[in-house]
Amino acid sequence: MSRPRPTTNSTRFTLGVVALTWAIAYAVALVAQSVAISVAGWAGEPSSTWPTSVTALSAVLLWIAFLVALSVVSRRFGSGRFAEDFSLSFRLTDLVGLPIGVVTQLALVPALYWPLRHIWPDTFDSDVLSQRAQELWDRADGVWVVVLVAVVVIGAPLVEETVYRGYVQQALHGRLDDLFAVVLSAAFFAAIHLRPVEFPGLFLFGLIVGVCYQRTGRLGLGIAVHLAFNAVGLLLVA
C-alpha cells in the first residue's frame, strides 16, 4: 500500500511523543472520570449500571483530556493549526464512507465472527457481542436517547478518528511501512476498548478506517465510515 501523498506531520510527531501524550491524557481522564463518578454517587458501581448521564459525562471527560493533549502537541510540535496537523478535513466524496460503514457493520463483521461463533459458540455468542451496546440503549430514555446518539454516532467517530488515525497512525506512518502502520494502529484501537470479545470486529473495523486514512491522507472518509458503523450498531439493538 502507498499513500497518494505523505501525511503532513508524519516526521513531527515521534512515537515517543505520541506514547507519552497518550498515556498522560488517558491517566488524566481516568482521574477526572473517577472524581466525576464519585460526585455523581456511582463510585464502585460497574459501568453497565451507570445511567446515560454518567456514561456520557465519562466519555466527554475522556475526549476533553485527549483533545487538550493533542492541542498542546499541535502547538509544540506541529503548525499550531489543529485541523491541519491531524488531517481533520472533509470532502463531499467522503460521504462514500457511509455505505462502507453500513456494509462493514452488517456484512463484514458478521462474516468475521461466523467461524469464531462456530468454534467458540459461548464466547462469541451474538448476545454477548451486542451486550454493551444493548445495555447502553436499554438505560437511555427520553432526552437521554438523543444524548446517547450524539455521543456514539457523532462524538466518538470525531474524537477517536482524530486520536487513533490522525495522531497515532500518522506517527506510525512516519516510522514504519504503511501496512504495519495500519495494522498496529488498528490493533491498538481494538485493544483500548478493553473487551476481548469485541477485539476481532474492532480490529477489522480499524483496518478499514486505517486504510481510508492511508489512502486519502485525511480523516473525512474514516469519520463517515465510523459514523455509519456506530449508527447501524445502535439501530441493531434499538
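T52 sits in helix α2; helices here are DSSP runs of H or I of at least four residues, numbered from the N terminus. The model is predicted, so local features need a pLDDT of at least 70 and side-chain atom pairs count only at pLDDT 80 or more, while totals for chains, interfaces and linings use all residues. Residues are numbered from 1 along each chain as its sequence is written, and side-chain values use heavy atoms, with hydrogens and water left out.

**T52 and its surroundings**

T52 has a relative accessible area of 7% and is therefore buried. Buried means under 20% relative accessible area, exposed means over 50%, and partly exposed is in between, with a 1.4 Å probe and protein chains only. Leaving aside neighbours within four places in sequence, T52 is in contact with L136, R139, A140, W144 and L148, contact meaning heavy atoms within 4.5 Å. From T52 to I37 the C-alpha to C-alpha distance is 12 Å, and the two are 15 residues apart in sequence.

**Helix packing**

Axes are lines fitted to C-alpha atoms, for helices over the stretch in contact, and angles run from 0 to 180 degrees between N-to-C directions.

| Helix pair | Angle | Axis separation |
|---|---|---|
| α2 and α7 | about 25° | 10 Å |
| α1 and α2 | roughly 150° | within 9 Å |
| α9 and α10 | about 155° | 8 Å |

The packing angle of α2 and α7 is about 25°, which means that α2 is roughly parallel to α7. Angles under 35 degrees count as roughly parallel, over 145 as roughly antiparallel, 65 to 115 as roughly perpendicular and the rest as oblique. The crossing of α2 past α7 is left-handed; a crossing is left-handed if the near helix is turned anticlockwise from the far one by less than a right angle, and right-handed if clockwise. On the α2 side the residues that meet α7 include T52, S53, A56, W63 and F66. Their counterparts in α7 include W144, L148, G155, V163 and Y167.

The axes of α1 and α2 cross at roughly 150°, which makes α1 roughly antiparallel to α2. This crossing is right-handed. Among the α1 residues that make the contact are V17, W22, Y26 and I37, and among those of α2 are V54, L61, F66 and F77.

For α9 and α10 the angle is about 155°, so α9 is roughly antiparallel to α10. α9 passes α10 in a right-handed crossing. F205, I208, V209, C212 and T216 of α9 make the contact with L221, G222, V225, H226 and F229 of α10.

**Nonpolar cores**

A nonpolar core is a set of buried Ala, Val, Leu, Ile, Met, Phe, Trp, Tyr and Cys residues joined through side-chain atoms within 4.5 Å. The largest one has 40 residues, and F13, V163, Y164 and Y167 have the most contacts inside it. At least two residues of this core come from each of α1 (15–39), α2 (52–77), α4 (97–119), α7 (143–173), α8 (178–191), α9 (199–216) and α10 (220–237). The most, nine residues, come from α7. Y164 touches W22, Q169, S185, F188, F189 and I192, not counting residues up to four places away in sequence. Another core lies apart from the largest one and has five residues, including L148, V152, V153 and L234.

**Loops and backbone**

Most residues other than glycine have a negative phi. S87, which is not a glycine, has a positive phi of about 60°. S87 lies in the loop between α3 (82–85) and α4 and, at 7% relative accessibility, counts as buried. L194, also not a glycine, has a positive phi of about 60°. L194 belongs to the loop between α8 and α9 and counts as exposed at 62% relative accessibility.

S126 is in helix α5 (residues 126–129). With 41% relative accessibility, S126 counts as partly exposed. S126 and S89 are 37 residues apart along the chain, and their C-alpha atoms are separated by 36 Å.

**Confidence**

pLDDT is the predictor's confidence in each residue, from 0 to 100. The protein averages 93, and 95% of the residues score at least 70. Over residues 4–10 the pLDDT stays under 50, and the model has 17 contacts beyond four places in sequence for these residues. Where pLDDT is low, the predicted coordinates should not be read in detail.
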